[in-house]
Amino acid sequence: MADQEVLDKYAPTLDLLETKEAYLYEGELYIRYEFRDPEELQARMTYHKVGDDNVISSENLIMLGIWARAQKNGERVK
């Protein structure tokens, strides 16, 4: 089970409506983030490795293979 301190640290990210799925893997938070693209008016899905700052941006995008590893071997927290 995930350490409560770690969950508290990532609480702002986990509480976002756009965060659809999240895993803790090797002490890091990996998320699936879905949002509505304002230009194309379509849903977009991106995968991120969230740092200590809880910022979700293009700077922390990850490849699908890394997400799959976190999903397979990590602990689901959302």
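Tyr25 and Tyr30 are both buried (under 20% relative accessible area with a 1.4 Å probe and protein chains only, against over 50% for exposed and partly exposed in between). The two residues form a tilted aromatic pair, at 6.1 Å centre to centre and 55 degrees between the planes. Rings of Phe, Tyr and Trp (its six-membered ring) are paired if their centres lie within 6.5 Å, with planes under 30 degrees apart counted as stacked, over 60 as edge-to-face and the rest as tilted. The model is predicted, so that local features require pLDDT of at least 70 and side-chain atom pairs pLDDT 80 or more, whereas totals for chains, interfaces and linings use all residues. Residues are numbered from 1 along each chain as its sequence is written, and side-chain values use heavy atoms, without hydrogens and water.

By the ring criterion, four aromatic pairs are counted. One of them joins Tyr47 and Trp67, which are tilted because their centres are 5.2 Å apart and their planes at 40 degrees. Tyr47 belongs to strand β3 (residues 42-50) and Trp67 to helix α3 (residues 64-73), so the pair ties together parts 20 residues apart in sequence; helices (H or I, at least four residues) and strands (E, at least two) are DSSP runs numbered from the N terminus. Tyr47 is buried at 17% relative accessible area, and Trp67 is buried at 3%. Ring pairs link Tyr23, Tyr47 and Trp67 into a cluster.

Thr19 lies in strand β1 (residues 19-25) and counts as buried at 1% relative accessibility. Beyond neighbours within four places in sequence, the contacts of Thr19 (heavy atoms within 4.5 Å) include Ile31, Tyr33 and Ile56.
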